[in-house]
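Thanks for asking me to look this one over. My notes follow, as numbered points.

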Amino acid sequence: MSKQAPKSRPVPTKVPGIYKTDAVRDVAESLNITNLPDIVASALASDVEYRISQVVEEAARFMRHAKRTTLTTADIDQALRVLNIEPLYGHFPYNPPTFRRALPFPHMPSAGPVYFVEDEEIEFDRVLREEKVSLPKGVSWTAHWLAVEGVQPLIPENPPALPRDADPESAAAKQAASSNVPGSIFPPTPPSSDRPSPIQAAKQQQQHIAVKQVLSRELQLYYTRLTSSLLPPTSDFAKRAAALASLRHDAGLSPLLPYLVRWVGQGVVDALRSGSQNENDGRVLEVLLDVIGALLDNQTLGVEPYLHQLLPSIFSILLHSALPPSHAAQLRTTAAQILSHLLTHYSTTYPGLSSRIVKTLIVGLIGEGKSRSTREGAIRGLMGIGKEAVRQGLVKHKGAKVVGDECMPGESSPLVELVMYRHNQEGFRMIHPPSAQPVPLHPDSGGDASILEELRSNLGDFFAERVMGDGAWARGILSDDAPSA
């Protein structure tokens with residue numbers, strides 16, 4: 001029994017699509033691809049036609065959702081984004097181009113219809129007669145002062161000030177003369193021996209009126225009694241201790257903080273203004289430093305915005321050249337401790353605070369024309385900050401050499417003892433501890449000779465001769481990775 005031969009299936013005829021294979025060949029030739037097979041060109045043309053149909057179908061969906069009957073370039077862009085294809089740029093839906101159909105070509109009837117974008121003809125006479133439109137100024141940013149020390153400057157960026165009926169100085173002077181009641185005025189600064197002029201008193205009285213509108217009567221009374229119990233000639237130690245304890249622990253002093261900071265700053269200026277301080281000025285400065293320390297210890301007060309006002313007062317006491325002799329060491333030690341406390345608690349909040357303080361102290365240490373008292377205060381401030389600050393000031397910036405050049409041979413003054421080591425954690429001992437069994441440096445040895453040369457370069461001859469007796473100590477002072485004491 002013979003099997004029937006399978007019927008041959010008819011080969012389907014290839015229906016030409018809209019996208020011609022000639023266009024594919026043209027693109028291939030532009031890419032230097034010649035002799036493209038017909039099968040490949042036909043397959044690429046079919047794929048291109050499918051992609052175009054897919055894009056048009058997606059664009060038609062956007063058109064229908066927008067309740068329109070005209071397909072725009074925005075619909076095509078949205079369809080391309082949906083299909084994860086980069087959109088076409090340079091086509092705007094609000095200004096669609098106008099296409100016109102070209103006349104048929106008699107010599108090429110197979111070319112089919114050709115469309116082109118019609119260019120608008122522009123008449124130069126009409127353009128020249130039209131009014132020129134100037135471009136607006138671009139968006140820019142500028143800075144101006146909203147307020148300077150609580151006073152709003154009269155500049156166009158700020159709103160205008162309210163008009164006043166009377167002269168503020170005359171009105172304030174009349175009110176000050178009529179209401180001279182003790183205890184009713186909010187004192188802005190510590191008591192001074194200089195009597196203010198009538199105009200200054202009127203201005204202060206005007207400021208007091210504004211303060212009364214913010215602070216309650218209880219806070220004004222508290223401020224008056226606090227300042228009077230802190231400053232000399234008050235000799236009651238119990239009242240002073242109670243006032244400092246109140247500043248250190250009370251939680252309701254935030255409204256008074258700016259006035260206390262201003263009071264401390266003005267008190268330091270008044271105490272150091274004359275240049276020749278007495279014992280009373282020394283006691284005043286000690287109290288003001290205690291007030292600064294108490295304000296920094298109070299965790300309920302936001303002292304951060306007022307650090308730039310407290311630092312000048314601390315630096316003025318620390319680096320002043322004419323402090324009372326009986327209080328100078330104590331004042332500089334307390335100021336250095338306050339600087340250390342301030343950096344411990346606020347250096348993370350203000351990253352540049354430590355470098356700013358160290359730079360100020362180094363300028364006070366190595367600056368030309370500085371007195372010995374100023375250099376001593378700068379060294380104490382660096383010791384209060386830490387070992388690396390002492391190394392920066394005394395060794396790297398050659399502060400020890402500056403101090404030694406001003407000393408006489410064999411001198412043993414308090415400043416020299418402070419640089420060497422008066423106590424266990426001072427001066428060079430703070431950078432690196434001395435050896436229990438010192439071995440001196442030998443100038444004949446090559447390694448020791450280089451250490452001696454570096455000592456004389458960084459520390460100067462005065463202190464190099466005192467350190468060279470302990471070779472391990474000298475190397476530890478010059479080394480950056482020396483262990484701490």
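**Notes on the predicted model**

1. Let's begin with confidence, given as pLDDT, the predictor's confidence in each residue, from 0 to 100. In the protein, helix α2 (residues 38–65) has the highest mean, at 92, and helix α5 (residues 168–178) the lowest, at 49. Over residues 175–195 the pLDDT is below 50, and this stretch has 34 contacts in the model beyond near neighbours in sequence; a contact means heavy atoms within 4.5 Å. Helices here are DSSP runs (H or I, at least four residues), numbered from the N terminus.

2. Residues 209–213 also stay under 50 in pLDDT, with 5 contacts beyond four places in sequence. For the protein, the mean pLDDT is 78, and 81% of residues reach 70 or more.

3. This is a predicted model, in which local features need pLDDT of at least 70, side-chain atom pairs count only at pLDDT 80 or more, and totals for chains, interfaces and linings use all residues. Residues are numbered from 1 along each chain as its sequence is written, and side-chain values use heavy atoms, leaving out hydrogens and water.

4. Now for V358, found in helix α13 (residues 353–366). V358 counts as buried because its relative accessible area is 12% (buried is under 20%, exposed over 50%, partly exposed in between, with a 1.4 Å probe and protein chains only). Leaving aside residues up to four places away in sequence, V358 touches L382, I385 and A389. V358 and A389 are 31 residues apart in sequence, yet 6.7 Å apart in space, C-alpha to C-alpha.

5. Is N458 buried or exposed? N458 is buried, because its relative accessibility is 15%. N458 sits in helix α19 (residues 446–458) and touches L394, V395, K398, K401 and L478, again not counting residues up to four places away in sequence.

How values were computed: Helices (H or I, at least four residues) and strands (E, at least two) are DSSP runs, numbered from the N terminus.
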